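Subject: Structure handover

Hi,

Here is the structure I said I would pass on. Please open it next to this email and follow along.

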Amino acid sequence: MTSVESSETLKRANAIAQIIRIVGVLFYLAMAFGLMRWQYAIFAGTACMVVAPAVRHLILSRN
């Protein structure tokens, strides 16, 4: 893999992880505004925050 390919892979992995984190923050905001029950929002938001680095690592390890 060339340096350019690895750089693009790193950017893509970071972007995907960041999107998952943003979804997690949206769950927390939904809880704050009463759009979701707090039990579900806390679980989903925390799950997104935990899964994001794992997805990033998985993407980087495949290439």
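Below is what was found, going from the whole chain down to single residues.

First, the ground rules. This is a predicted model: local features need pLDDT of at least 70, side-chain atom pairs count only at pLDDT 80 or more, and totals for chains, interfaces and linings use all residues. Residues are numbered from 1 along each chain as its sequence is written, and side-chain values use heavy atoms, with hydrogens and water left out.

**The whole chain**

The protein chain has two helices and zero strands. Helices here are DSSP runs of H or I with at least four residues, strands are runs of E with at least two, and both are numbered from the N terminus. Along the principal axes, the C-alpha atoms fill a box of roughly 50 × 15 × 10 Å. The radius of gyration is 15 Å, while a compact globule of 63 residues would have one near 11 Å. That radius is taken over C-alpha atoms, and the globule rule is 2.2 Å times the number of residues to the power 0.38.

Of the 63 residues, 19% count as buried. Buried means under 20% relative accessible area, exposed means over 50%, and partly exposed lies in between (1.4 Å probe, protein chains only).

Now contacts, meaning heavy atoms within 4.5 Å. Take those with a separation of 6 or more: residues 24 or more positions apart account for 62% of them.

**Helix 1**

Helix 1 covers residues 3-32, which is 30 residues. From first C-alpha to last it reaches 43 Å, close to the 44 Å expected at 1.5 Å a residue. The expected span is 1.5 Å times one less than the number of residues.

Its buried residues are T9, A13, A17, I20, G24 and A30. They pack against helix 2 (38-62).

Look at A17, in helix 1. Why does A17 count as buried? Because its relative accessibility is 0%. Leaving out residues up to four places away in sequence, A17 touches A52 and R56. A17 and L35 are 18 residues apart in sequence, and their C-alpha atoms are 24 Å apart in space.

Now compare I22, also in helix 1. I22 counts as partly exposed because its relative accessibility is 46%.

**After helix 1**

Just after helix 1 comes G34. G34 takes a positive phi of about 75 degrees.

Have a look at these residues in the viewer.

Best wishes
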